[in-house]
Amino acid sequence: MSFPDKLLLWLHIGFAIFAIGPLTAVTSVTPRYIRARDVNVLRYLNRSTRLFGLLTLGVFLFGLLLGRSALAKPYLSASMTLFIVAAVLLVIIDRDQRSAILALTTESREDDARMQTGRIAALAGVTALIWLVILFLMVFFNP
């Protein structure tokens, strides 16, 4: 493996550790703070979700550059597809976080943030499972 490929691998793994790990933690604790009605923490979690979500694009980018000659392999195609599905789920989580913040900051009784709690918890769990499936594919099918 050449030095540029080793560098890409290090960047790919580094972004995976320092972006996907915190993103998974941030999205999974959001329902707790919706139930606690802590708007300040929810705003912080929403900003963190957006920041770490954007940083996960580095994982995808460096993975594409690293696997440029083998992108047609089934495990890479499946991993990229799952990554895109996870990214779409993160957009939905971000939207639900903003909806919960809006519901908790308005005076209207008809807005209820509890509706977002279950959906965020479910989508965060599915996203975490997707990350684990991608990890499995990368470890066990990569030559």
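Biologist: Which helices each supply at least two residues of the lining of the second largest pocket?

Modeller: In this predicted model, whose residues are numbered from 1 along each chain as its sequence is written, they are α2 and α3. Local features need pLDDT of at least 70 and side-chain atom pairs count only at pLDDT 80 or more, whereas totals for chains, interfaces and linings use all residues; side-chain values use heavy atoms, without hydrogens and water. Helix α2 gives the most to this lining, namely six residues.

Biologist: What makes a residue part of that lining, and which residues line the second largest pocket?

Modeller: A pocket is an open set of points on a 1 Å grid where a 1.4 Å probe fits, with protein on both sides within 12 Å along at least five of seven lines, and a lining residue has an atom within 4 Å of a point. Among the residues that line the second largest pocket are Leu-23, Arg-50, Phe-83 and Asp-94. The space in this pocket is about 210 Å³.

Biologist: Why is the contact between Arg-50 and Asp-94 called a salt bridge?

Modeller: The term requires a side-chain nitrogen of Lys or Arg within 4 Å of a carboxyl oxygen of Asp or Glu. For Arg-50 and Asp-94 the N to O distance is 3.3 Å, so the pair is a salt bridge. Arg-50 belongs to helix α2 and Asp-94 to helix α3, so the bridge ties together parts 44 residues apart in sequence.

Biologist: How do you know whether Asp-94 is buried or exposed?

Modeller: Buried means under 20% relative accessible area, exposed over 50%, and partly exposed in between (1.4 Å probe, protein chains only). Asp-94 has 11% and is therefore buried, whereas Arg-50, at 41%, is partly exposed.

Biologist: What makes the pair Arg-119 and Asp-96 a link between distant parts of the chain?

Modeller: Their side chains meet in a salt bridge of 2.6 Å, N to O. Arg-119 lies in helix α4 and Asp-96 in helix α3, 23 residues apart. Asp-96 also forms a salt bridge with Arg-95, with the closest N and O atoms 3.1 Å apart. At 1% relative accessibility Asp-96 counts as buried, while Arg-119, at 33%, counts as partly exposed.

Biologist: Why is Phe-140 called exposed?

Modeller: Its relative accessibility is 58%, so Phe-140 counts as exposed. Phe-140 is placed in helix α4, residues 114-141.

Biologist: Why does Arg-37 count as exposed, and where does Arg-37 lie?

Modeller: Arg-37 has a relative accessible area of 52% and is therefore exposed. Arg-37 lies in the loop between α1 and α2.

Notes
Helices (H or I, at least four residues) and strands (E, at least two) are DSSP runs, numbered from the N terminus. Grid points are joined across faces, edges and corners, and a volume is the space filled by probe spheres set on the points.
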